[in-house]
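Here is a short briefing to read alongside the model. Have the viewer open and follow the topics in any order you like.

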Amino acid sequence: MSVRAAAAPQRPTNSWLAGHLRELAARLELVGTPHAPRAYRRAAESIEQRPTSVAEIREKEGQVGLEKLPGIGSHIARTLCELIDTGRSARLERLRRQVPVDLMELLAVDGVGIKTVRSLWEHLDVRGVEDLERALEEERVRGLPGFGPRREARLHEALRARQDGKPRVPLAWAGGIARRLRSHVARQPGVVECVVAGSIRRGRERVGDIDIVAASRDAEAAAQRLLELPEVDYVYSHGPQRVSVRLRVGLDVDMRIVAPESFGAALLYFTGSRQHTLGLRRLAQAQGLRLNEYGLFRDRRRIAGTTEEEVYAALSLPYIPPEARLGGTEIRDALRHHQADS
């Protein structure tokens, strides 16, 4: 689910191969496999330190040539051959399905290790950084064994530092790229809605990445539509509902794929701002409801979610345009106006 190449490259770089071995090591450790993680990490270090191309060795000498490299046994050599020849690893993909978390993304957060990821996933269904942010906002993390307000605060700080360190680019430039990507995905048969979300939709002057929300009954086909683009340089994650990639121009793209009946709720959630959506969730809770990216629910029954307007109306709010979703007083003001009109 995390960190792999966009497609099988003609000649994968040593760092590309090492990244896959490191993810294999981390995922094997996550599921409790002994010994193998250490071997994969040693192999990754050996490959990264080599001045010559491992893929070229494979081309010239075959698997036998790889087995001659320090720290590379026959099993890891077979894995490398598979990665070089096909751009994928069947074992890695099985592990991604077994524990469907964006593991390498979570491990990149300061203070998060394998045990933390396992606990967050098993107890709170945290599968990525956004899920972690939400769990922290709702103060659910502090209830886990070994966690508390102090560690919760450290995770908050780590996430803020991660966000602050992301370079931001002009809206006009990122918006043009985003519209081309959206148009390409929208032409995929089965995609019924596709909208650019995030800070681009909110009209921020500078943005850090591109967010796209698509509604489709065939999520895999919609995901492949994005992955096939030559602009895609690297795939961070590829799951049944999310594709996260890096473009050759350096921008990250995060595409969420949902069922049509959840499209409005997903668009609302992934448009942000985070404080605005948090305010909406709190308003829903006050009304005995539950709001997430799949819809607005009363108990287990979805009562809204197909469109944003439907969600706002079910919360007794007028529609709030994306550029006004700042996380300030807009929800309170909208409630006051709605009550006055009533």
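In which helix does His 75 lie? His 75 lies in helix 4. Please keep in mind that this is a predicted model.

- His 75 is partly exposed, its relative accessible area being 39%.
- Leaving aside residues up to four places away in sequence, His 75 touches Tyr 40 and Arg 91.
- From His 75 to Glu 133 there are 58 residues in sequence and 38 Å in space, taken C-alpha to C-alpha.
- The helix that holds His 75 has a partner: the axes of helix 3 (residues 54–67) and helix 4 (residues 74–86) come within 10 Å, crossing at roughly 150°.
- Because an angle over 145 degrees counts as roughly antiparallel, helix 3 is roughly antiparallel to helix 4.
- The crossing of helix 3 and helix 4 is left-handed.
- On the helix 3 side, the contact is made by Val 54, Ala 55, Arg 58, Gln 63, Leu 66 and Glu 67.
- On the helix 4 side, the contact is made by Ser 74, Ala 77, Arg 78, Leu 80, Cys 81, Ile 84 and Asp 85.

**Helix 8 and helix 14**

- The axes of helix 8 (residues 129–137) and helix 14 (residues 274–286) come within 12 Å and cross at roughly 55°.
- Helix 8 and helix 14 are therefore oblique to each other, and their crossing is right-handed.
- Helix 8 contributes Glu 133, Arg 134 and Glu 137 to the contact, while helix 14 contributes Arg 274, Leu 278 and Arg 281.
- Why is helix 8 described as largely enclosed by the rest of the structure? Eight of its nine residues are buried.
- The buried residues of helix 8 are Val 129, Asp 131, Leu 132, Glu 133, Arg 134, Ala 135, Leu 136 and Glu 137.

**Aromatic rings**

- How many aromatic pairs does the structure hold? There are three aromatic pairs, and two of them are described here, one formed by Tyr 234 and Tyr 236 and one by Tyr 312 and Tyr 319.
- Tyr 234 and Tyr 236 make an edge-to-face pair, at 6.1 Å centre to centre and with 70° between the planes.
- Within that pair, Tyr 234 is buried at a relative accessible area of 16%, whereas Tyr 236 counts as partly exposed at 25%.
- The ring centres of Tyr 312 and Tyr 319 are 5.7 Å apart and their planes stand at 85°, so this pair is edge-to-face.
- Tyr 312 is buried, with a relative accessible area of 0%, and Tyr 319 is partly exposed at 34% relative accessibility.
- Lys 115 has its place in helix 7 (residues 114–124) and is exposed, with a relative accessible area of 69%.

**Arginines over rings**

- Arg 151 lies over the face of Phe 147, at 4.1 Å from the ring centre.
- Arg 290 lies over the face of Phe 297, at 4.8 Å from the ring centre.

**Backbone details**

- As background, most residues other than glycine have a negative phi, and most peptide bonds are trans.
- Glu 139 has a positive phi near 55° without being a glycine.
- Glu 139 follows helix 8, in the loop between helix 8 and helix 9 (149–164), and is partly exposed at a relative accessible area of 47%.
- Ser 316, likewise not a glycine, has a positive phi of about 65°.
- The loop between helix 15 (308–314) and helix 16 (330–341) holds Ser 316, which counts as partly exposed at 32% relative accessibility.
- Gly 272 and Ser 273 are joined by a cis peptide bond, with omega about -5°.
- Ser 273 is found in the loop between helix 13 (263–271) and helix 14.

Methods: Residues numbered from 1 in each chain as written. Predicted model: local features only at pLDDT ≥ 70, side-chain atom pairs only at ≥ 80, totals over all residues. Heavy atoms only, no water. Phe/Tyr/Trp six-rings, centres within 6.5 Å; stacked < 30°, edge-to-face > 60°. Buried < 20%, exposed > 50% of the residue type's maximum accessible area, 1.4 Å probe, protein only. Lys NZ or Arg CZ within 6 Å of the ring centre and 35° of its normal. Axes fitted to C-alpha atoms, helices over the stretch in contact; angles between N-to-C directions. Helix = DSSP H or I, 4+ residues; strand = E, 2+ residues; numbered from the N terminus. Parallel < 35°, antiparallel > 145°, perpendicular 65-115°, else oblique. Left-handed = near helix turned anticlockwise from the far one by under 90°. Contact = heavy atoms within 4.5 Å.
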